Amino acid sequence: MAHTHYPPSKLRYMARNPCITFNVSAEMKKKIEELCRVEGLSKAQLVKNFFFDITKAFDDLKQAHIKEIDDLKTRHAIELEEAKKLAYTHEYRKGIADVENEKLKWIRGGYNLRTLGVQPHDLESFINTL
């Protein structure tokens with residue numbers, strides 16, 4: 001096949017608007033031609049519309065997926081903060097309960113020793129051994 005010489009304007013146009021070609025069966029070509037006739041479109045317009053619809057649907061799915069991921073990240077961040085607050089509150093309450101339990105233990109121990117007649121200075125020495 002001989003190389004065709006194109007003027008610079010045609011080369012610029014072809015660079016901006018590249019051509020895509022593909023083969024189809026004779027039966028498929030008849031269906032495409034009939035569809036073009038019914039719709040009043042050229043073959044190029046039909047293919048462009050088809051690919052435009054496909055790419056638009058793909059872009060819509062992609063945007064929906066990105067939004068879903070962002071929503072999940074936001075929900076995860078909120079749940080993480082709530083879990084941190086809950087853990088902090090739980091640890092704080094547990095710490096207070098531990099102190100209260102320890103205080104009650106000392107009070108009960110001191111009361112029991114006082115009822116047994118242990119003197120205050122002996123009570124101090126006993127507490128220091130614990």
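I took helices (H or I, at least four residues) and strands (E, at least two) as DSSP runs, numbered from the N terminus. The model is predicted, so I required pLDDT of at least 70 for local features and 80 or more for side-chain atom pairs, while totals for chains, interfaces and linings use all residues. I numbered residues from 1 along each chain as its sequence is written, and side-chain values use heavy atoms, without hydrogens and water.

I looked up helix 2 and checked its length. The expected span is 1.5 Å times one less than the number of residues. For the 14 residues of helix 2 (residues 26-39) that gives 20 Å, and the end C-alpha atoms are 20 Å apart, which agrees. Gly40 follows helix 2 with a positive phi, near 75°.

I then turned to pockets. A pocket is an open set of points on a 1 Å grid over the protein atoms alone, where a 1.4 Å probe fits, with protein on both sides within 12 Å along at least five of seven lines; lining residues have an atom within 4 Å of a point.

The second largest pocket is lined by Phe22, Val24, Met28, Ile32, Leu46, Val47, Phe50 and Phe51. Helix 3 gives the largest share of this lining, four residues. I counted Ala, Val, Leu, Ile, Met, Phe, Trp, Tyr, Cys and Pro as nonpolar, Asp, Glu, Lys and Arg as charged, and the others, Gly among them, as polar. This lining divides into eight nonpolar, no polar and no charged residues.

The largest pocket has 15 lining residues, with Cys19, Ile20, Phe22, Ala44 and Val47 nearest its centre. Its lining has 10 nonpolar, two polar and three charged residues.
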